[in-house]
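Thanks for making the time this morning.

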Amino acid sequence: GGYTLEEVAKHTTKSDCWVVVNGEVLDVTKFLSEHPGGELAILTFAGKDASEEFNMIHPPDVIPKYAPDAVIGMIGGGGGGAVAAGGAPAAGGGGGGITLAEVAKHNTKSDCWVVVNG
């Protein structure tokens, strides 16, 4: 299971608004009017990954505390993407790539992956 960023990108209006925060896909349509920072703060990131900006101004427990019903799934479907010899991500076009779920598995001092610029 899991959603793609392409799927999230289809939900960009006040009546159908999804965002991604830390790998979670949120349908924030019903939450827009309740957001203390105003609707525009969320709508600016409608259909996009808002993690960087979100994490700068919100504590980690804010989604489960104030909008637990907004979480509708995760980005990616597990299983990972193509990996070239030597463990480097496979280059080339065609979308796909490596899922955030796969990146999350590589979190040790000797095997650490990060996502830079999307």
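Two strands pair here if DSSP finds at least two bridges between them, and strands themselves (E, at least two residues), like helices (H or I, at least four), are DSSP runs numbered from the N terminus. This is a predicted model, in which local features need pLDDT of at least 70 and side-chain atom pairs count only at pLDDT 80 or more, while totals for chains, interfaces and linings use all residues. Residues are numbered from 1 along each chain as its sequence is written, and side-chain values use heavy atoms, with hydrogens and water left out.

On one side, strand E2 runs antiparallel to E1 (residues 12-13), joined by two bridges, with Thr12 opposite Cys17 and a hairpin of two residues linking E1 to E2. E2 is also antiparallel to E3 (residues 24-27), through four bridges, and Val21 has Glu24 as its bridge partner in E3. In the hairpin of E2 and E3, Asn22 takes a positive phi near 55°.

How enclosed is strand E2? Five of the six residues of E2 (residues 16-21) are buried, so the strand is largely enclosed by the rest of the structure; buried means under 20% relative accessible area, exposed over 50%, and partly exposed in between, with a 1.4 Å probe and protein chains only. Trp18 is buried at 9%, whereas Tyr3, at 25%, counts as partly exposed.

Finally, the rings: those of Phe, Tyr and Trp (its six-membered ring) pair if their centres lie within 6.5 Å, and planes under 30 degrees apart count as stacked, over 60 as edge-to-face and the rest as tilted. The count comes to one aromatic pair. Tyr3 and Trp18 form it edge-to-face, 5.2 Å centre to centre with 80° between the planes. Tyr3 lies in the segment before helix H1 (5-8) and Trp18 in strand E2, so the pair ties together parts that are 15 residues apart in sequence.
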